[in-house]
Amino acid sequence: MEFPAALFPSYFGVGPPQEEGGPAPVAGWGEHGQVLEGGSGRRQVQPAFVPRRGATGERWEAADAAAVPLLLPRAGCWIPSPAPQDILYRSGLCRKLRAGKSRATLDFARQLGHFFVDHPEDAFGSLGRLLHKNFHLGNSKLQRPARSSTIRMTALVEDIDRLEARRGCPRQHLASRLRWFSHLCRDWLFEVPLGLLADCLHEELMQQWSNLLFDDSLTGGALAWLPPEDGGTPVGCLVHPGGQAMNHLYFQDVVLEELPRTRGSPAQFELSGRVQQVAAARVDGQDFVGVRSDYHCGVWRVLGKRGAAPTPLQVIRTDVPASSLTVSPHVPGELSVCTQSGTVYLWSVETGLQQLRHDPQTMFFRDHSPWRWSDFTAHPRVLSCADRTGLQCLDARAPKRCHFDLFKVGKEAGCQQGERVVLPMYLGRAHPSQYLVTTQFSVYVLDERLPLVPVLKWAHMMKAPPLFAHLMPGKPGRSHKVLLGASRTQELLLLQYRGKTSSFRGGSQSACQLAGTPQKLHNIAGCLQHLPTQLPHHHHLLQQRLTAPAAGLAATLQEDGPRKSMLIFQLSEAGDVFCQRLTHKAAQPPAPPSRDEATTAPGSSPLFEAPASSPQGLGATALRYRRWLRALSRVCKEPPRHAWPFSLSQRRLFTRRDLEGPPGPSNLQRQMRQWLRQTMEEGGRIQHWETLALQPPPLPQTLEPAGGPDPLSARLTAAWAGDWEQWWEERTSFSVAQRRQALRERRRQQKRAQGRRSLSASFTSSLTYQSELSELSDTGPSLFSPGRPPILSQEGSPPAGSSPVGSPVTSAAPDEALLSSQSLRCRGIPKERRKTLRDYLSVWAECPPEPPEPPGSQASELCFPSSQSQLSASQPLRKRPRMGF
Amino acid sequence: SSNEHKLNFKKSKEACLSYIQDALLQKQWKRAAEFLTCYVESLEKDYSREHIGPSEMIWRIGTEILWHHSQSSMKEFSCFMEQMKTLGVKRYLKVCLEHVFHLLCNGQIDEAYQNLSLAESWRFGEQTAIQDKEMKLIQAYRGLLDYYSWSEQKNILLEQGEDGFSDLAVEQEMHGYFRKAAVNLKEIIKIPGVWDIFVKCYVDLLEFYGDHNEARQVLNEYAYNSKFPANPNAHVYLYQFLKRQREPKKSLISALKILHDIVPSHELMIDFNTMLQKSKKRKKRRLGLEVIFAALDYAGWKENAKAWSCLTRQVKQIVVSDKHLDWIKQEWNSRKDWWPAFHFSRYLAKRNWQEDKSLSYEKALVAGILLGKGCKYFKYVSHQGCKAQLKRFRMLKKFVNRHNLVYLKISG
């Protein structure tokens, strides 16, 4: 590759950066930088100059108004990573205190409290078990003998509640009781010594906070695109992580059409850690995919032909978290790995690891960040290694001796004070000796033949440092495209640069120029404004999902004859992959006022409106969105089962008031409350609850009077007429009366059949029956209502007002409790009557037959017509609360 | 309160700026221009002590908009620039420079020259270091434009000279341009930096007037002064100058040797290798082999048929003469673990055969010698060549078969 015949003029200085500054919002605009005589030589009378920045570039325009989801959300709801408000202390007092200093205050006490509540076993397990008899959690007064060895906790808990309520009040007095208690037990109550626990927690909090400020573990991005073979079918492969913990690796075939779509189900691998980076390179027609998680790195091979299954080749484990993994574009099966301690390895699948450098210190000046990076260069045996202060190149054959500095944060590159390297990337596919280095302020293009002096520099003005970059090399005579992506803000920026003059000079190498203006692309969150209006909580969920930090970036150029387009994929931490298409517009000298100014103005949403230009494309876009939204609501509304580690003690403690004897509320009220609470716990929605809650028992089909019109049509007719409820009343009273009649009939028959039975037995049993029956008919509806509310608004649940005949499936399960031999026994019903009652009830409830009684219980029941069971029947079984807080 | 008012003003200023930024990044120049007219108000209460103040922002944004706005003209642009120059003393020179750059890129060389002269005469108190640098650049660019005028006059004179008469006035003018250009160009190239065009022009001037010593000194300084960055072009210019001066081979070789040490992948390495191969000295031919091997290490040379033919020629020469096989052995030693995968894979054999037959011929010969006749690359290419009944490839097969023992000697 030729070296440019002349470079743009620039000063060169040595030493630490002098220029003061910081993030400047518009620093990248309005500058040509330098000019160079680069025109048509001596032929013309006047020399022609070209600018370093400001030359015309290619015009790319977004095809849609927003990025479009490529994959449907997978089952398993995404767990958002902590937000600042989760770990920061916020209260009026604190804000006032903080006004002076700028440091954020971490809410240490709250997190410690969370730990105690969420993991009571780990926090107080053994002593809790030991002492639980000595703590009383009820409201009742303690009896005399117990008082000497038992503490009543209720008052203490009330004190805590009060404290909580007064949080942030400057004149809060610590309750002396609490202080006394904590003074007393601080030394022995905790499983883990409090000081140690606090240290660990504090460390973790600091870690979380620094991750929130800037998380560099995602550097490089966890999305890779394996392009289709040249001349083959336009099917590429997208490699991305997924799953709740982002520990599944998917290889998904994607068909490149107007709107890219997935093909077939992806090849899937479950890994033992969160996937932080996916890197890929194509060598000799095969794709090598490197995957980095904190302590493991793996490499897969994908053959060029689509449809071939990816083969895992090798996995390595590191003691310290790996911070970079790159795949060699030169030699198949070679990678470079960097760990946080500053060790650089050349990793060959055939020969294993070769350590090139081990240096915990940073290269050019001292910087605290443990982040390291390494990549390949134009020479397959020379690797670059980077830290926050700069880049060096090492020769793998003699790493100690042969190295040179490629980039230094300093005057050499005209850096600002405080500037740090964020992401280096080898630009080999565009030019074998060029390198991209991004910092939080600027982006540099370096040529390794002229180290230290950037051949291109531009202030990118992004709000968050660019952690992801993607190169799309341009064909000779056209510009190379570089995409920069930030994580937290999801920013995407398209830059174009040129290394060759246009073809009229025979395409000889000329100095690097930035072409065109940088262009902002759609990010995932940008589609939010175009989506149809949602319910507030749904909107919140959606917003949370769509504004999740970006986790990766990939792109591809597609040339379909004269039509050129660019497809950009963006991955979010929630595992969503969105894509957008840019189309190339042939250069029109002064562009007329472009159409997009009107359409992309905030507020309008052409996404869901009738399209003018390409009907099928936009329609498909809207359709894609609808499907995605539907899938998302299905995935996220699934009631989280065992989402919280359920712990009996904690629950008892926090529902203490519910354990108090209920003098007031009726059965129904209590049940309603319980449902409400349950629904709130599950984050569900209450909907039509009168109709369903007060829904009478389902119709007994067997006792249907023959001859009349079929009940469904009768009811529908009634419902249509509007007096459905009245019809139902009549119906139930009619059927209850009829059932009584039928029951009496049957008993008479039974009596006739069992004439030898004693009269007294028959009398008592009938008495029980009567009482049971009356009880049933009184509170019938509530007893037969399901224990779980079927009113959670689920996508799959039947629509409101659907026939009660259809619902016994939901109501059947809890009835089992009522019909089980246990509960019947509790009610003191003799065994011989139980069968009859169960038959009756099963008819009534139309529930599936109960499993046969275990013979053991039968036997014991026979032996001990126990008084205990009588007792427990009169008062609901209650476990003694255990201590735990 | 006034404090609150100030805060609100600041907030709305920031919001306005973010709208402008958004519009600029989406190439909505008209929208950006409308917002900018509002933003101009921020100049009224410029309390900011930030790195880039509102006046600089307006200059930058306005320039960017005027570059791209469909209805802007050069005249408007110049008018805007003149206003911007008066907005801030510290930035005066910078704005002048950028204005000149824009004029130059639009072919308005005379206006640019006027602006440069104006800027050069600007004085305001004591100059900061940055202003000093900017002033030097302004002078240098003026020198460059003087040089172009000089070269124009020179061409006129040369044409006239062909016709047989000369114009004294033109000649006088030309010498005038020379003096002006030389003074300014000489200044800037003393300061460490990348000054490729300035050096080239200055050397051209000196050479025309026969001051070869000065030219040589300038080029030596540019290439070898350690305060300057390791710019390959500096060595290239020196080499070209030496070549023009018909210097002995020895000095050419030493110039290229240094270039080889800095940039082993430079395109001049082919010239260097040919020069060394022709040499009678063993040491130099040895160096030639080293140079071509090192060049082919780089990804950019992978498919360079010229470089491969250089290597083939030399390897063939060594194998046939059966002398200095140890040279090859030594070079091959540090490459045998990765060259086969990098250069001689079956995939590459297929591709090279399809795309460039002569390249695959050269590579196959080297592969056959270095890796023996069992090597995948050689086998594929020779097979294909024989199938296509190409005489060259049959010869190649014969040659490799005859010298198959070399491979054992090299790898052993």
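User: Which residue in β15(A) does F288(A) stand opposite?
Analyst: R301(A). Keep in mind that this is a predicted model.

User: How do the two strands there pair, and over how many bridges?
Analyst: β14 (residues 286–292) and β15 (residues 296–303) of chain A pair in the antiparallel sense, over seven bridges.

User: How many residues are between them in the hairpin?
Analyst: Three residues lie between β14(A) and β15(A) in that hairpin.

User: And which strand does β15(A) pair with over six bridges?
Analyst: That is β16 of chain A, residues 311–317, and the sense is antiparallel.

User: Moving along chain A. What is the strand order in the open sheet that has β25 in it?
Analyst: The order is β25-β26-β27-β28, four strands with antiparallel pairing.

User: Which strands stand at the edges?
Analyst: β25 (421–426) and β28 (456–459) of chain A. Each has a single partner strand, so one side of each has no neighbour in the sheet.

User: How much are neighbouring strands turned against each other?
Analyst: By 15° on average in this sheet, with direction ignored.

User: What about β27(A) and β28(A), how many bridges there?
Analyst: Four, and the sense is antiparallel, with β27(A) covering residues 442–447. V443(A) is placed opposite W458(A) of β28(A).

User: What holds paired strands together in general?
Analyst: Strands in a sheet pair through backbone hydrogen bonds, in either a parallel or an antiparallel way.

User: Back to the model. What order do the strands take in the open sheet with β21?
Analyst: β21-β22-β23-β24 in chain A, so that is an open sheet of four strands, and the pairing is antiparallel. Its edge strands are β21 (373–376) and β24 (403–408), each of which pairs on one side only. The twist from one strand to the next averages 25°.

User: How many bridges join β22(A) to β23(A)?
Analyst: Six bridges join β22 (residues 382–387) to β23 (residues 390–395) of chain A, and the two run antiparallel.

User: Now helices. At what angle do α3(A) and α4(A) pack?
Analyst: At about 65°, with the axes 6 Å apart; α3 runs over residues 108–118 and α4 over 120–131 of chain A.

User: Which residues meet there?
Analyst: From α3(A), F115(A), F116(A), V117(A) and D118(A); from α4(A), P120(A), D122(A), A123(A) and F124(A). By class, the contact has six nonpolar, no polar and two charged residues.

User: Switching to chain B. How do α9(B) and α10(B) pack?
Analyst: α9 (residues 196–208) and α10 (residues 212–224) of chain B pack at an angle of about 160°, their axes being 8 Å apart. That makes α9(B) roughly antiparallel to α10(B), because an angle over 145 degrees counts that way.

User: Is the crossing left-handed or right-handed, and which residues make the contact?
Analyst: The crossing of α9(B) and α10(B) is left-handed. The α9(B) side contributes D196(B), V199(B), Y202(B), V203(B), L206(B) and E207(B). The α10(B) side contributes H212(B), E214(B), A215(B), V218(B), L219(B) and Y222(B). In this contact of α9(B) with α10(B), eight residues are nonpolar, one is polar and three are charged.

User: Last pair: how do α16(B) and α22(B) pack?
Analyst: At about 60°, with axes 9 Å apart, for α16 (residues 325–333) and α22 (residues 404–411) of chain B. That makes α16(B) oblique to α22(B). The crossing of these two helices is right-handed.

User: Who meets whom?
Analyst: L325(B), I328(B), K329(B) and W332(B) of α16(B) meet V406(B), K409(B) and I410(B) of α22(B). The class counts for this contact are five nonpolar, no polar and two charged residues.

Methods. Residues numbered from 1 in each chain as written. Chains lettered and ligands numbered in written order. Predicted model: local features only at pLDDT ≥ 70, side-chain atom pairs only at ≥ 80, totals over all residues. Heavy atoms only, no water. Pairing = 2+ DSSP bridges. Axes fitted to C-alpha atoms, helices over the stretch in contact; angles between N-to-C directions. Parallel < 35°, antiparallel > 145°, perpendicular 65-115°, else oblique. Left-handed = near helix turned anticlockwise from the far one by under 90°. Contact = heavy atoms within 4.5 Å. Nonpolar A, V, L, I, M, F, W, Y, C, P; charged D, E, K, R; others polar.
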